[in-house]
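Please open the structure in your viewer and keep the selection tool handy. We will take the chain as a whole, then its parts, then a ligand.

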Amino acid sequence: MAVMTGVIADDFTGATDIASFMAEQGWRVALLPGMPDMTQRWSDDADAIVISLKSRSLPADEAVRQSLQCYHWLKQQAGAKQIYFKYCSTFDSTPAGNIGPVSDALLEATGAPLIVHCPALPQNGRTVIHGHLFVNGVLLNESGMEKHPLNPMTDASLERLLAPQTPNATGVINLATVQAGVQAVTNALHQHQLAGNKHIIVDTLTEADLLTLADALQSYPLLAGGSGLGGALAAIAHPQHPLAQASGFATTIRAVILSGSCSSMTNRQVNAYKAQAASLPLDVARCMADDAGYIDEIALWALAHRHDAHAPLVYATQPPDVLRTIQQRYGEQAASQAVERTFAHLTIALRDAGINTFIVAGGETSGTVVEALQVKRLTTGKAITPGVPWVFAPEQQLALALKSGNFGQADFFFKAQEYAS
Ligand SMILES: Nc1ncnc2c1ncn2[C@@H]1O[C@H](COP(=O)(O)OP(=O)(O)O)[C@@H](O)[C@H]1O
Ligand SMILES: O=C(O)[C@@H](O)C(=O)COP(=O)(O)O
């Protein structure tokens, strides 16, 4: 079966985010965690296949290699007509990549004249005006994202952020043009193509702007950005399918919460939750020591709380000043790897002890957890909050909620459990 859109997502929360927005608009979405088997032909009915990689923070050449492998599979084995490179609505990247290098590799592979970048997600407060990214009306570099542990976003100009990541020329389609309608966008794209610009950033303020862009871009071979445009592509597509939301909760839900995001929203969510539920902070010194006894201790603690009214929370989440001290002591990469490794081992220990429901905060953290669980295929259920659906691994009988760092409100961890039924 030919698939309309093949999505290559650079992290796992991003994959469930775009899958959720597409499914809510009536698309049949297949969600594949990790790279598919290159020899396997796709034979199911799907409007979109979303592949989640954990490539956002990899060295650029490895991110490119994995993304291209997904691209070839999506084209050759699934017949995808359009390729969508899903990255973060806060443009998470560093001067080394990976948005520029992966986009350039996909440009070359597809032969597309240009790649359109639409990170905006107005429903969650991400907008782009004059090529500058805002989060809830605040410039990206003042939104808290400037303190991200792996990719601090210290500028809001998308052209300036892309410049060190690509040798190619960039351009912007401004809001006035987008709001002038589909033909104006089509003309502007043509002008950029004539000028030789390769990376075209589109301003987007509202849901209506997304629909205009989707209309203008529905047959474009190569798109990139957040989940907003993905949802809009599904919204304007025909035919629509009846909304089908999977459900796969175990009869007896045994849940834990693992939080590895240090975003400002996750800090609020952890603070709100730990005031009312059992919670355990990770000790990064012990994570660094990679001591198996530590994993057993945390797992036993979590299991002792599995019958509490609220699921136990294990968290590495820390406010920026504490995080800075930890990173200065151990190094950014080493500390983050130690924390991720601890979550991976803990996930396996908890799964082996009968935990069947994981609520996870943070994109890299979610990637670590899903990789540890060796999940092969996920189905998409109802959204707890925009961009965060429950997803299910039917073979392993697991339910997962993978929350992007800054998504949800302060009560997210409570709300996720209310939605588990
Ligand atoms: N206390 C901590 N000290 C050092 N690194 C941490 C700490 N807590 C989390 N991290 C690391 O920070 C990164 C957070 O990234 P991620 O999970 O993607 O969150 P977000 O979705 O907010 O970007 C992870 O690699 C995680 O292991
Ligand atoms: O586009 C988004 O904001 C999310 O889908 C996403 O990618 C979030 O990444 P993390 O905050 O690292 O989870």
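Two residues are in contact here if their C-beta atoms, placed from the backbone, lie within 7 Å.

What you see is a predicted model, in which local features need pLDDT of at least 70 and side-chain atom pairs count only at pLDDT 80 or more, while totals for chains, interfaces and linings use all residues. Residues are numbered from 1 along each chain as its sequence is written, with chains lettered from A and ligands numbered from 1 in the order in which they are written.

Now colour by pLDDT, the predictor's confidence in each residue, from 0 to 100. The chain has a mean pLDDT of 95, and 99% of its residues reach 70 or more. For the complex, the predictor gives an ipTM of 0.98 and a pTM of 0.96.

Switch to cartoon view and you can look for 15 helices and 18 strands. These are DSSP runs (helices: H or I, at least four residues; strands: E, at least two), numbered from the N terminus.

Next, select 5-236 and colour it as domain 1, then 255-418 as domain 2. Such bounds come from an automatic or database domain assignment. The centres of the two domains, taken over C-alpha atoms, are 27 Å apart.

Zoom in where the domains meet: 26 residues of domain 1 are in contact with 27 residues of domain 2. On the domain 1 side, select α1 (12-24) and β2 (29-33), each of which supplies at least two of the touching residues. The largest share, 10 residues, comes from α1.

Which residues are closest to ligand 2? Select Gly 14, Ser 89, Gly 363, Ser 404 and Gly 405: these are the closest of the 16 residues that surround ligand 2. A residue belongs to this shell if its C-beta atom, placed from the backbone, lies within 6 Å of the ligand. α1 gives the most to the shell, with three residues.

Why does ligand 2 lie between the two domains? Both domain 1 and domain 2 give residues to its shell, so ligand 2 lies between them.
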